[in-house]
Amino acid sequence: MSTLRLHELTGSPNSVKVRVALGYKGLDYERVPLELDGFPGDRAALISLSRQPRAPVLQHGETIIFDSGAILRYLEANFPDTPPIFTTDYATLPEIERWELFSRTQLSEPVGMVFSQAFAPAPDAEVLAKANQLLNEHCGALEDALSQGDFLVGDHLSAADIVVGSSLYLADLTESNSKTHPIAAFFGAHLKLGEGREKTRAWVRRVVAYDPIVGKR
Ligand SMILES: N[C@@H](CCC(=O)N[C@@H](CS)C(=O)NCC(=O)O)C(=O)O
């Protein structure tokens with residue numbers, strides 16, 4: 001079988017998502033971390049590989065897949081002997097997709113606000129406070145869902161948990177797992193799941209535990 005090679009930005013949630021999926025499925029892979037000397041930095045290697053500039057990109061033999069959501073779907077469709085992260089049930093698939101959308105909209109807004117402050121000459125305390133407030137408000141939906149069961153959809157880990165949980169690792173960093181990049185360290189210092197978000201916090205830890213890099217606390 002061809003080697004799975006993951007071209008990643010090690011601390012980026014979209015790369016974490018793919019490593020969690022690979023870990024949960026028990027698939028061996030080789031990491032190819034992208035070393036950047038700034039942001040967005042030189043993306044020539046990714047562009048020549050995949051005709052676009054963003055990580056993660058998965059290489060499987062001659063096949064190249066970009067975008068974390070596309071990679072999760074590729075793994076699901078092509079490794080049928082591994083634990084499922086989507087579903088065979090017609091009505092349940094859109095539930096998983098709704099959580100993916102939640103991550104790309106509700107969560108990416110406060111995460112984007114903190115990200116922008118990581119590059120500011122002096123971080124704006126008001127923007128950071130607003131980001132924390134927004135994030136914790138949006139996570140109310142997760143506390144509600146996790147009061148019904150251990151997973152967002154169904155009775156096992158799915159792409160819903162992987163996508164949302166991996167994005168939220170940025171709000172639950174420790175000194176040790178925020179060492180992937182100075183930007184991760186900035187998140188560790190400035191974005192936190194607050195009071196009343198205990199179920200969310202415990203579930204994020206369960207999800208990212210499948211990633212040997214940021215899952216180690
Ligand atoms: N194509 C991305 C989604 C959008 C995106 O690019 N998001 C930013 C951060 S929220 C990212 O992952 N950047 C990685 C990079 O700069 O290579 C994915 O694989 O999911």
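# Close-up views of a predicted model

**View 1. Contacts of Ser178 in the predicted model.** Ser178 is in contact with Leu173, Ala184 and Ala185, when its neighbours within four places in sequence are left aside. The model shown here and in the other views is a predicted one. Ser178 sits in the loop that joins α7 (159-168) to α8. With a relative accessible area of 9%, Ser178 is buried, because the cut-off for a buried residue is under 20%.

View 2. The protein chain is divided into domain 1, residues 4-78, and domain 2, residues 93-208. The contact takes 14 residues from domain 1 and 17 residues from domain 2. Taken over C-alpha atoms, the centres of the two domains are 21 Å apart. About 1,300 Å² of area is buried between domain 1 and domain 2, and carbon and sulfur atoms give 67% of this area. On the side of domain 1, Lys17, Val20 and Tyr24 supply 36% of the area buried against domain 2, more than any other three residues.

**View 3. The largest pocket.** The volume of the largest pocket is about 1,100 Å³. Its lining has 38 residues, and those closest to the pocket centre are Leu9, Ser12, Pro13, Asn14 and Phe39. Helix α4 provides the largest share, seven residues. Sorted by class, the lining of the largest pocket holds 19 nonpolar, 13 polar and six charged residues. The largest pocket lies between domain 1 (4-78) and domain 2 (93-208), because both domains give residues to its lining.

**View 4. The second largest pocket.** The second largest pocket holds about 160 Å³ of space. The residues that line this pocket include Glu76, Pro84, Phe86, Thr87, Thr88 and Thr92. Also among the lining residues are Ile96, Val153, Gly154, Asp155, His156 and Ser158. By class, the lining of the second largest pocket divides into four nonpolar, six polar and two charged residues.

**View 5. Ser103 in helix α4.** Helix α4 covers residues 93-118, and Ser103 is part of it. Ser103 has a relative accessibility of 4% and therefore counts as buried. Apart from neighbours within four places in sequence, Ser103 has contacts with Ser108, Val163, Val164 and Ser167.

**View 6. Leu58 in strand β3.** Leu58 belongs to strand β3, which covers residues 57-60. The relative accessible area of Leu58 is 0%, so this residue is buried. From C-alpha to C-alpha, Leu58 and Val127 are 35 Å apart in space, and the two residues are 69 residues apart in sequence.

**View 7. Ala125 in helix α5.** Ala125 is found in helix α5, which covers residues 125-138. At 59% relative accessibility, Ala125 counts as exposed, because the cut-off for an exposed residue is over 50%. Ala125 and Ala141 are 16 residues apart in sequence, and their C-alpha atoms are 26 Å apart in space.

**View 8. Two cis peptide bonds.** Most peptide bonds are trans. The bond from Phe39 to Pro40 is cis, with omega near 5 degrees. Pro40 is placed in the loop between β2 (30-33) and α2 (44-50). The peptide bond from Ala55 to Pro56 is also cis, with omega near 5 degrees. Pro56 lies in the loop between α2 and β3.

View 9. Most residues other than glycine have a negative phi. Arg51 is not a glycine, yet its phi is positive, near 65 degrees. The loop between α2 and β3 contains Arg51. Arg51 counts as exposed, because its relative accessibility is 78%. Asp67, also not a glycine, has a positive phi of about 90 degrees. Asp67 is in the loop between β4 (63-66) and α3 (68-78). With a relative accessible area of 32%, Asp67 is partly exposed.

Technical notes:
Residues are numbered from 1 along each chain as its sequence is written. This is a predicted model: local features need pLDDT of at least 70, side-chain atom pairs count only at pLDDT 80 or more; totals for chains, interfaces and linings use all residues. Side-chain values use heavy atoms; hydrogens and water are left out. Helices (H or I, at least four residues) and strands (E, at least two) are DSSP runs, numbered from the N terminus. Buried means under 20% relative accessible area, exposed over 50%, partly exposed in between (1.4 Å probe, protein chains only). Contact means heavy atoms within 4.5 Å. On a 1 Å grid over the protein atoms alone, a cavity is a set of points where a 1.4 Å probe fits but cannot get out, and a pocket is an open set with protein on both sides within 12 Å along at least five of seven lines; lining residues have an atom within 4 Å of a point. Grid points are joined across faces, edges and corners, and a volume is the space filled by probe spheres set on the points. Ala, Val, Leu, Ile, Met, Phe, Trp, Tyr, Cys and Pro count as nonpolar, Asp, Glu, Lys and Arg as charged, and the others, Gly among them, as polar. Domain bounds come from an automatic or database domain assignment. Buried area is the accessible area (1.4 Å probe) that two parts lose on being put together, summed over both.
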